[in-house]
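User: I would like to learn how to read the features of a structure like this one. Please take me through them step by step.

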Amino acid sequence: MISGFFDVVDGNVARVTKQTSKKGAFFEVIIFGGIAFGNLANPFWCLVALGMSLLVSYTRARAESLGVELKGIGIGERAERLLILAIIGMIPISTYQNQAGMNWAVIIVSIVAGITLVQRIVATSKELSST
């Protein structure tokens, strides 16, 4: 989670200094994989969260290839999703295998990413239909 924080900070600094790289976009795959393999949350929900997060990124990339800017569109961009994982995932809830805090974080990320996906599809559709 600490590395996630620094990834977000690094991404912001890279954008300001115009020294971005493409590898930061793959960071979430490592995080969700680590959560699943570390048995910190239900692997099913990790796959759902990962899939939804990748769809959010894909939607932005695809829309931008069509000339539609989606930066800032949606309630759950990557920084927000990582923040949800970090904050909610650290809540000490003691249940079966001590997964409850991180499991809820992954479920909430799935929901937030799903909402963001819909918001981006709607924004892209509106922009494309107006041109």
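User: How many helices and strands does the secondary structure of the protein come to?
Analyst: Helices (H or I, at least four residues) and strands (E, at least two) are DSSP runs, numbered from the N terminus. Here the protein has five helices and zero strands. The order from the N terminus is α-α-α-α-α. This is a predicted model: local features need pLDDT of at least 70, side-chain atom pairs count only at pLDDT 80 or more, and totals for chains, interfaces and linings use all residues. Residues are numbered from 1 along each chain as its sequence is written, and side-chain values use heavy atoms, with hydrogens and water left out.

User: What percentage of the residues count as buried?
Analyst: Buried means under 20% relative accessible area, exposed over 50%, partly exposed in between (1.4 Å probe, protein chains only). Of 131 residues in the protein, 35% are buried. The exposed surface comes to about 8100 Å², by the Shrake-Rupley method with a 1.4 Å probe, where for residues only the protein chains shown count as cover. Carbon and sulfur atoms supply 68% of that area.

User: What share of the contacts joins residues 24 or more positions apart?
Analyst: Contact means heavy atoms within 4.5 Å. Among contacts in the protein with a separation of 6 or more, 70% are between residues 24 or more positions apart.

User: Now helix packing. At what angle do H2 and H3 pack?
Analyst: Axes are lines fitted to C-alpha atoms, for helices over the stretch in contact; angles run from 0 to 180 degrees between N-to-C directions. H2 and H3 (residues 43–65) pack at about 170 degrees, with axes 9 Å apart. H2 is therefore roughly antiparallel to H3. The cut-offs: under 35 degrees is roughly parallel, over 145 roughly antiparallel, 65 to 115 roughly perpendicular, and the rest oblique.

User: Which residues of H2 and H3 meet?
Analyst: From H2 come Glu-28, Val-29, Phe-32, Ile-35 and Ala-36. From H3 come Pro-43, Cys-46, Ala-49, Leu-50, Ser-53 and Leu-54. They divide into nine nonpolar, one polar and one charged. Ala, Val, Leu, Ile, Met, Phe, Trp, Tyr, Cys and Pro count as nonpolar, Asp, Glu, Lys and Arg as charged, and the others, Gly among them, as polar.

User: How do H2 and H4 cross?
Analyst: The axes of H2 (residues 27–37) and H4 (residues 78–89) come within 12 Å and cross at roughly 20 degrees. So H2 is roughly parallel to H4. The crossing is left-handed: the near helix is turned anticlockwise from the far one by less than a right angle, whereas clockwise would be right-handed. Phe-27, Glu-28, Ile-31, Phe-32 and Ile-35 of H2 meet Arg-78, Arg-81, Leu-82 and Leu-85 of H4. That contact has six nonpolar, no polar and three charged residues.

User: At what angle do H4 and H5 pack?
Analyst: The angle between H4 and H5 (residues 100–130) is about 155 degrees, with axes 8 Å apart. H4 and H5 are therefore roughly antiparallel. H4 passes H5 in a right-handed crossing. Residues in the contact include Ile-84 and Ile-88 of H4 and Trp-104 and Ile-108 of H5. Its residues divide into eleven nonpolar, two polar and one charged.

User: Last, backbone angles. Where is Asn-39, and what is its phi?
Analyst: Most residues other than glycine have a negative phi. Asn-39 has a positive value, near 55 degrees. Asn-39 lies in the loop between H2 and H3. Its relative accessible area is 35%, so Asn-39 is partly exposed.
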